[in-house]
Amino acid sequence: LRLSNGTGPCSGTVEVKHEEQWGTVCDGDWTIEDAEVVCKQLKCGSAVHALNRAPFGEGTGPTWLYRLDCRGDEPALWNCTHPGWGVFTCPHYFDVGVICSGFSVLRLTGGDTACSGNLKVKQEETWATVCFSQINFKTASVICNELECGQAVDILRGTHFGNRQELTWQEEFHCVGNETQLAHCPRILHHTNTCSHDATVVCSG
């Protein structure tokens, strides 16, 4: 299982390899529960959007799966109820895609309280540092709310990043401010590795 043509490994067209050939999944009532299985299987956090009609462009190869009916807790996409492999040939116009949160948890570390500190997000098994330039005050509000830490008070330039061998998060967050989780905020991918300071978030809680 993989996602292709997205902004990173955690968004894109859903592709499945069967009989040594990559193919796609055809929309037959593609739901957020179906997308949830994909995101969990790829260790990409939780599903944010289940998309149909080739949102990342049309795929290639056979349409391997169609009319998946997942509960959301299956270990792999092909463990969901479906009529069989390659039983229905579908135009690639109907390929499905997903956008996953890309991270499973967030936390504030190194602060004076549990409600302040450097913002880190967990990507698979590793914690990634979020840069000061990647968030704004509305994003901080969503973070404080999600952590049950009251209101956002401030965003500060954290420690100078320098050449530390830490994983840095690659996307800018653009929250509206009313999202319940950081995972649901719109994001823009940045291919630059320049991170001058990490982001320190201070909440009122």
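# A tour of helices, a strand and disulfides

C70 and C80 form a disulfide, with their sulfur atoms 2.1 Å apart; the term disulfide is used here for a pair of cysteine sulfur atoms within 2.5 Å. This is a predicted model, in which local features need pLDDT of at least 70 and side-chain atom pairs count only at pLDDT 80 or more, while totals for chains, interfaces and linings use all residues. Residues are numbered from 1 along each chain as its sequence is written, and side-chain values use heavy atoms, with hydrogens and water left out.

## First stop: C70 and C80

Select C70 and C80 and display their side chains. The torsion about their S-S bond is about 105°, so this disulfide is right-handed. The pair links distant parts of the chain: C70 and C80 are both in the loop between β5 (63-66) and β6, 10 residues apart. Strands such as these are DSSP runs of E, at least two residues long, and helices are DSSP runs of H or I, at least four residues long; both are numbered from the N terminus. C70 is buried, at a relative accessible area of 7%, and C80 is buried as well, at 3%. Buried means under 20% relative accessible area, exposed means over 50%, and partly exposed lies in between (1.4 Å probe, protein chains only).

How many disulfides does this rule give? The count comes to eight. A disulfide is a covalent bond between the sulfur atoms of two cysteines.

## Second stop: helix α1 and C39

Now select residues 32-41, which make up helix α1. Its buried residues are D34, A35, E36, V37, V38 and C39. Which elements cover them? The cover includes β1 (2-5), β2 (11-18), β4 (47-51) and β6 (97-100). After the helix comes K43, whose phi is positive, near 55°.

C39 and C100 form a disulfide, and their sulfur atoms are 2.0 Å apart. This pair links distant parts of the chain, as C39 is in helix α1 and C100 in strand β6, 61 residues apart. Both C39 and C100 are buried. The torsion about their S-S bond is about -85°, so the disulfide is left-handed.

Next, select S11, which lies in strand β2. Is S11 buried or exposed? S11 is buried, with a relative accessible area of 5%. Leaving aside residues up to four places away in sequence, S11 touches L3, G6, F56, V98 and I99, where contact means heavy atoms within 4.5 Å.

Move on to α2 (137-146). Here T139, A140, V142, I143 and C144 are buried. These buried residues pack against β7, β8, β10, β11 (171-173) and β13 (197-203). Zoom in on the start of α2, where a side-chain oxygen of N136 reaches to within 3.3 Å of the backbone nitrogen of K138. Beyond α2 is E148, whose phi is positive, near 55°.

## Last stop: C115 and C149

Finally, select C115 and C149. They form a disulfide, with their sulfur atoms 2.0 Å apart. This pair, too, links distant parts of the chain: C115 is in the loop between β7 (105-110) and β8 (116-123), and C149 in the loop between α2 and β10 (152-160), 34 residues apart. Is this disulfide left-handed or right-handed? The torsion about the S-S bond of C115 and C149 is about -75°, so the disulfide is left-handed. C115 and C149 are both buried.

Terms used. Polar contact = N/O pair within 3.5 Å; in protein donor to acceptor, adjacent residues only side chain to side chain.
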